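The following paragraphs give a guided reading of one protein model, passing from its overall form to individual residues. Please keep the sequence and the coordinates at hand.

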Amino acid sequence: MVSSFILSPAECTSQALADFEKLVMEAGTVDPQGLTTRIRDASRLLFLRESNGQLVGVGALKHPLLSYRSRVFAETRATASADEYSIELGWITVAKSHHGRGLSRRIIGQLMSLVENENVFATTGTDARTMRFAADYGFKLAGKPYPSGRGYDLVLYLRDAKEKHVRDR
């Protein structure tokens, strides 16, 4: 059985933070430079653990700086304002051994329930499976793909809190 825990980084042990970072790094889609600090600066961290304590999934709600948000929105040529999207859904990662079990959907659903009345953005690779059900949570593709700087393109998804979503009905 897989259990979830949502904590602020300040509530996490140093080992839990290290485990979170290790799983994110294993996915290979995140710039490792400054990741430790970015994890500690997140608003909420979600951990999925097996009954034996094995970490099998993570995700986060982040409040990135306006400078980062503005750069992402500009690079995608999104028409929405970065000022209106202060929360980022990110680092949705499931251990390879647990792919295909709906855990990404579970992570996203639990984190999004914390920010139902907020505008949220997310970036992901153009081929990422994680956002294939983005519409279920009200996310819409915004702008154009842009280079990640790591050899693949990223896309921007936006969730406008004012719009009704499939999950809200």
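This is a predicted model: local features need pLDDT of at least 70, side-chain atom pairs count only at pLDDT 80 or more; totals for chains, interfaces and linings use all residues.

Residues are numbered from 1 along each chain as its sequence is written, and side-chain values use heavy atoms, with hydrogens and water left out.

The protein contains four helices and seven strands; helices (H or I, at least four residues) and strands (E, at least two) are DSSP runs numbered from the N terminus. Read along the sequence, these elements follow the pattern β-α-α-β-β-α-β-α-β-β-β. The radius of gyration is 15 Å, close to the 15 Å given by the globule rule for 169 residues, and the protein is therefore as compact as a globular protein of that length. The radius is taken over C-alpha atoms, and the rule is 2.2 Å times the number of residues to the power 0.38. Along its principal axes, the C-alpha trace spans about 45 × 40 × 30 Å.

Of the 169 residues, 45% count as buried, where buried means under 20% relative accessible area, exposed over 50%, and partly exposed in between (1.4 Å probe, protein chains only). A contact means heavy atoms within 4.5 Å. Among the contacts with a separation of 6 or more, 69% join residues 24 or more positions apart.

Threonine 13 lies in the loop between strand E1 (2-7) and helix H1 (14-27). Its side chain reaches the backbone nitrogen of alanine 16 at 2.9 Å. This is a polar contact, that is, a pair of N or O atoms within 3.5 Å; within protein, one must be able to donate a hydrogen and the other to accept it, and residues adjacent in sequence count only if both atoms are side-chain atoms. Threonine 13 and serine 3 are 10 residues apart along the chain, and their C-alpha atoms are separated by 17 Å.

Valine 72 lies in helix H3 and, at 0% relative accessibility, counts as buried. Beyond its neighbours within four places in sequence, valine 72 is in contact with Thr123, Tyr146 and Leu156. Tyrosine 146 is 74 residues from valine 72 in sequence, yet the C-alpha to C-alpha distance is 8.6 Å.

Which residues have a positive phi although they are not glycine? Arginine 77, with phi near 60°, is one of them, and tryptophan 91, with phi near 55°, is another. Arginine 77 is found in the loop between helix H3 (66-76) and strand E4 (87-94) and is exposed, with a relative accessible area of 59%. Tryptophan 91, by contrast, is placed in strand E4 and is buried at 8% relative accessibility.

Valine 115 occupies the loop between helix H4 (103-112) and strand E5 (120-125), and it is buried, with a relative accessible area of 8%. Not counting residues up to four places away in sequence, valine 115 touches Leu61, Ile87, Val120 and Arg159. For leucine 61, 54 residues away along the chain, the C-alpha separation from valine 115 is 8.8 Å.

The side chain of arginine 159 reaches the backbone oxygen of glutamate 118 at 2.4 Å. In the segment after E7 is aspartate 160, which counts as buried at 18% relative accessibility. The aspartate 160 side chain reaches the backbone nitrogen of lysine 162 at 2.9 Å. Glutamate 163 also lies in the segment after E7 and is partly exposed, at 33% relative accessibility.
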